Amino acid sequence: MVCGKPPDGGWGWVIVAVSFFTQFLCYGSPLAVGVLYLEWLDAFGEGKGKTAWVGSLANGIGLLASPVCSVCVSSFGARPVAIFSGFMVAGGLMMSSFAPNIYFLYVSYGIVVGLGCGLLYTATVTITCQYFDKHRGLALGLISTGSSVGLFIYAALQRELIELYGLDGCLLIVGALSLNILACGSLMRPLESSSSPPPEKMCVDKVPDQYFVYHEKEKTVEENISILEKGYIDEKCVNSVPDCKQDSILNKNVLSSININEKDTYKKKVVEQTNFCKQLAKRKWQLYLTYWKETMVLFKNKVFAALFVAILLFDIGGFPPSLLMEDVARSANISEDDYYMPLISIIGIMTTVGKLILGILADFKWVNTLYLYVTTLLMTGVALFAIPFAKSYLTLAMLSGILGFLTGNWSIFPYVTTKTVGIEKLTHAYGILMFFAGLGNSLGPPIVGWFYDWTQEYDTAFYFSGFCVLLGGFLLLLAALPCWDACTNQSSKMPPNTYSYKVASNA
């Protein structure tokens with residue numbers, strides 16, 4: 001498929017709307033899984049660390065499988081992948097309502113729902129980038145708020161559904177709501193040019209034309225031989241048996257002569273196929289070697305290496321509050337009468353605000369996005385250290401709002417990556433960083449839960465989380481201060497202050 005020129009409007013705004021609702025419907029429950037986490041603790045009686053794996057897998061598996069998700073969308077298109085993933089998310093949520101134990105939830109909710117969300121995220125971003133060029137940053141910013149709005153609404157919605165219909169009924173209803181992803185996916189019309197050539201002609205590694213010629217000749221010869229053999233023998237056998245035998249011998253001689261004439265053609269075809277496979281394997285091997293060489297070059301950049309450590313530690317320490325904050329409030333013996341709004345909902349709405357404000361700040365030329373990002377990391381670490389001292393709903397709500405706002409630094413992370421490695425290596429570097437971000441998302445909540453299981457209190461767990469985030473922030477700061485210009489000049493050779501929101505969105 002050859003995509004036409006992005007219209008930057010028209011049906012593109014429909015794509016933005018359906019992509020927004022797709023992220024809203026698929027990420028609403030996994031991001032607000034903290035409400036379900038409390039119910040699973042009571043239902044299965046497992047430890048907090050073991051139970052936390054369900055939510056961490058649902059949020060991390062999509063990032064871990066991002067290369068596979070990209071290949072699926074590139075191979076099949078955004079619309080088929082979105083529709084298929086809608087069935088995955090809805091089916092996983094509905095299956096989770098029948099879970100007999102926590103291990104069943106690892107598969108149904110953690111892997112199935114998480115992988116479906118990863119596929120849907122890739123599909124929505126890909127189709128939006130195809131429809132927008134000049135306004136791509138605005139379009140991607142709008143659809144990215146769908147997940148944050150989903151967190152805000154689903155936190156209260158799931159809590160209300162649990163009170164009315166129980167945990168199983170809640171999961172069934174939320175799964176049924178997710179079926180609306182199918183309608184959204186059906187509207188993701190691919191952008192094609194009117195005069196697009198056949199797909200096989202657009203492949204980079206095209207099969208030689210001789211292969212198809214030989215293939216067609218072989219099929220034709222085989223069909224003709226089959227028809228000649230069957231028709232000729234049947235017709236002659238009706239007249240007389242001796243003639244049938246004689247004609248059968250004659251027919252065999254004819255067929256053998258035909259096969260002899262086609263031997264050379266068949267040998268040529270085999271040679272062509274063998275050479276093509278050897279060249280293809282050699283080319284793929286060279287691509288793999290080039291990929292790993294470029295990866296090693298990236299890690300020679302001190303700032304990129306520190307950024308890799310920072311994003312891993314940030315997700316290990318900064319992600320657990322969105323999953324465990326409700327249980328923190330319950331462990332602090334806060335009365336439900338004092339609840340004006342679920343703490344997870346506060347995190348969700350403030351994450352949206354943080355994405356917008358930090359994204360706007362990053363557009364100013366006098367703002368260094370690296371230092372802005374480091375500031376958010378250090379402030380997040382301090383806020384995590386303050387959680388053990390919060391003993392009331394008001395203080396926990398304030399800390400939830402602060403953590404939610406600072407989590408909005410995801411909107412400036414592409415800026416930082418771009419300035420660190422350059423626009424030419426952005427896609428490669430961003431994929432590596434997102435993989436380790438998914439690893440951090442998957443490990444963070446179980447580690448915090450295990451700390452609680454060992455100590456029977458959250459204080460040590462959040463001290464550990466705060467230490468991880470602060471360590472990552474200080475390492476990134478130390479790597480950036482003395483050799484920021486030297487590293488960027490050697491690794492990316494990129495002129496200073498050439499990053500923008502539009503550039504970041506191309507990732």
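Modeller: This is a predicted model. Start with D42 and R330: their side chains form a salt bridge, N to O at 3.3 Å.

Biologist: Where do D42 and R330 sit in the chain?

Modeller: D42 is in helix α2, residues 33–44. R330 is in helix α12, residues 320–331. They are 288 residues apart, so the pair links distant parts of the chain.

Biologist: Is D42 buried or exposed?

Modeller: D42 counts as exposed, because its relative accessibility is 53% and the cut-off for exposed is over 50%.

Biologist: And R330, what does that count as?

Modeller: Partly exposed, at 38% relative accessibility.

Biologist: OK, next. Which residue does K48 form a salt bridge with?

Modeller: D327. The closest N and O atoms of D327 and K48 are 2.8 Å apart. This pair also links distant parts of the chain: D327 is in helix α12 and K48 in helix α3, residues 48–64. The separation is 279 residues.

Biologist: Are D327 and K48 buried or exposed?

Modeller: D327 is buried, at 1% relative accessibility. K48 is buried as well, at 11%. The cut-off for buried is under 20%.

Biologist: What about D327 and R330, how far apart are their closest N and O atoms?

Modeller: They are 3.5 Å apart, and D327 and R330 form a salt bridge. The two are three residues apart in helix α12, which means about one helical turn separates them.

Biologist: Which residues end up joined into one network?

Modeller: D42, K48, D327 and R330, through salt bridges that share partners.

Biologist: And the count of salt bridges, what does it come to?

Modeller: Four.

Biologist: Why can such side chains pair at all?

Modeller: Opposite charges can pair when the charged atoms come close.

Biologist: Switching topic. How do the axes of α12 and α15 cross?

Modeller: At roughly 180°, and they come within 12 Å. Helix α15 covers residues 393–407. The cut-off for roughly antiparallel is over 145 degrees, so α12 and α15 are roughly antiparallel to each other.

Biologist: Which residues meet there?

Modeller: From α12, P321, M325, V328 and A329. From α15, L396, S400 and L403.

Biologist: How do the residues of that contact divide into nonpolar, polar and charged?

Modeller: Six are nonpolar, one is polar and none is charged.

Key:
Residues numbered from 1 in each chain as written. Predicted model: local features only at pLDDT ≥ 70, side-chain atom pairs only at ≥ 80, totals over all residues. Heavy atoms only, no water. Helix = DSSP H or I, 4+ residues; strand = E, 2+ residues; numbered from the N terminus. Buried < 20%, exposed > 50% of the residue type's maximum accessible area, 1.4 Å probe, protein only. Axes fitted to C-alpha atoms, helices over the stretch in contact; angles between N-to-C directions. Parallel < 35°, antiparallel > 145°, perpendicular 65-115°, else oblique. Contact = heavy atoms within 4.5 Å. Nonpolar A, V, L, I, M, F, W, Y, C, P; charged D, E, K, R; others polar.
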